[in-house]
Amino acid sequence: MENDNELEKLQGRLSELKKQGTMASSFVEDKMGAAQPVDRQKVTSKTAEGSEARQKKAIIPTGPVGLDVGTSHIIAACKDRNHIDTYKQLNAFFTLPKSNFARNILSKNDILHFEMGNHFYIYGYSAQEFALMFHVNTRRSIKKGLLSAEEKDSIYVVQAAVNSLIQPPKQFGETLCFATPGEPLQGTGSLVYHESILKRFLTGMGYTPISINEGMAVVLAELSDYDYTGIGISMGGGMCNVCVSYLSFPVITFSIQKAGDYIDSMVGLSVDEPATKIQSIKEKNFDMLKEPKDRISTALHIFYEDVIHSLLKSLQRILSSSEHLPMISKPMPIVLSGGTAMPAGCEEKFQKILQSYDMPIQIEGVHIAKDPLNATAKGALIMALTEVTE
Ligand SMILES: Nc1ncnc2c1ncn2[C@@H]1O[C@H](COP(=O)(O)OP(=O)(O)O)[C@@H](O)[C@H]1O
Ligand SMILES: [Mg+2]
């Protein structure tokens with residue numbers, strides 16, 4: 001192995017920064033210069049093959065866990081010696097009225113489901129496969145980043161999906177760090193409710209849950225080279241989460257409820273096509289640097305730019321009005337993660353639009369996360385590991 005204790009080093013450095021920070025009462029310019037360069041993070045990730053399949057047995061964590069409960073996916077991250085393993089489940093479901101016939105089909109085909117009231121709840125990747133077969137739409141337990149108020153059973157679906165990835169820990173009271181969104185600037189849903197409900201459920205499973213802001217988790221996963229100083233942005237399905245971090249402290253956090261789902265539905269409405277079709281085209285063929293050649297790609301360009309403008313406009317407004325802005329001498333990097341940051345050319349497009357904004361802090365550049373879909377879960381795991389060693 002090239003470096004057996006990379007993750008430990010990373011945690012050590014993070015703890016050090018945290019201690020330094022608790023002693024400092026304010027953010028001062030020379031702290032940035034005083035900070036030691038940190039080793040390049042070489043944490044590897046292997047997504048457990050088949051963890052997306054329905055019958056893979058949930059793991060029993062033997063150490064701290066990082067958890068990302070997103071609008072589209074639920075991802076758990078665990079440490080295995082010197083690398084991070086991630087396990088993923090689709091956060092979707094639909095219901096079928098109970099019948100013996102349906103029960104037989106579900107069990108025979110190993111389809112992930114549970115029974116409640118008069119219904120079977122089919123969830124995860126199974127829901128997607130089954131919904132395609134039956135020509136029905138799947139439903140979402142998380143809408144725009146928060147537990148859906150429209151789906152009263154949403155927490156049970158989240159529980160079932162989490163249980164399909166991780167079982168109760170080997171050691172009762174194991175630390176689990178889960179990502180929570182920043183307060184939406186305008187929008188719907190209660191962050192307090194979302195966080196408290198998840199905490200109760202995770203405590204019930206035998207974990208000691210702690211929460212971390214999603215943008216902060218991205219900074220922990222991606223900005224070790226910058227001493228965790230920079231702007232972490234997670235562009236997912238339901239929302240974009242932003243965190244301005246200074247030496248691993250979240251100075252400013254917020255979210256906007258515009259992201260991948262918004263692009264799909266707005267493009268769909270504009271060209272009169274179903275959002276699911278748009279989503280599939282967007283994920284397979286969309287290149288942000290290529291000139292649009294038809295109505296759909298033109299509309300995709302328009303709404304992608306709309307999301308990036310909304311993000312940067314909010315960031316500019318909040319940075320300009322903040323009293324807590326760190327006085328740092330070095331320009332800050334921006335790191336983009338999440339599925340919505342994945343199309344080719346996203347980095348360049350973001351950088352280009354950024355040039356039209358006069359930001360109150362200097363930006364060093366825009367980077368795409370090394371592993372955009374797993375950055376939040378990995379950052380949450382790094383936080384969980386750090387809490388344990390303190
Ligand atoms: N290769 C891709 N290109 C463009 N968009 C993608 C790609 N892969 C996933 N997405 C989009 O990313 C969003 C989901 O991102 P994810 O980070 O999993 O979200 P969440 O954090 O909300 O669970 C969806 O809107 C999906 O369509
Ligand atoms: Mg996410």
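**Exercises on a predicted model**

By class, three nonpolar, twelve polar and three charged residues form the shell around ligand 1. The model is a predicted one.

**Exercise 1.** State how many residues surround ligand 1, and find which elements give two or more residues to its shell.

*Solution.* Step 1: the number of residues surrounding ligand 1 is 18. Step 2: the closest of these are Gly70, Gly236, Gly237, Gly260 and Gly339. Step 3: two elements, helix H8 (260–271) and helix H9 (275–285), each give two or more residues to the shell. Step 4: H9 supplies the largest share, three residues.

**Exercise 2.** Describe how strand E13 and strand E14 are arranged.

*Solution.* Step 1: E13 covers residues 240–246 and E14 covers residues 249–256. Step 2: the two strands pair in the antiparallel sense, over seven bridges. Step 3: Cys243 has Thr253 in E14 as its bridge partner. Step 4: E13 and E14 form a hairpin, with two residues between them. Step 5: Leu247, in the turn, has a positive phi of about 45°.

**Exercise 3.** Summarise the protein chain as a whole.

*Solution.* Step 1: the chain contains twelve helices and 16 strands. Step 2: of its 390 residues, 44% are buried. Step 3: among contacts with a separation of 6 or more, 73% join residues 24 or more positions apart.

Conventions
Residues are numbered from 1 along each chain as its sequence is written. Chains are lettered from A and ligands numbered from 1 in the order in which they are written. This is a predicted model: local features need pLDDT of at least 70, side-chain atom pairs count only at pLDDT 80 or more; totals for chains, interfaces and linings use all residues. A residue is near a molecule or strand if its C-beta atom, placed from the backbone, lies within 6 Å of it. Helices (H or I, at least four residues) and strands (E, at least two) are DSSP runs, numbered from the N terminus. Ala, Val, Leu, Ile, Met, Phe, Trp, Tyr, Cys and Pro count as nonpolar, Asp, Glu, Lys and Arg as charged, and the others, Gly among them, as polar. A residue is buried if 20 or more other C-beta atoms lie within 10 Å of its own, exposed if 12 or fewer, and partly exposed in between; C-beta atoms are placed from the backbone. Two residues are in contact if their C-beta atoms, placed from the backbone, lie within 7 Å. Two strands pair if DSSP finds at least two bridges between them.
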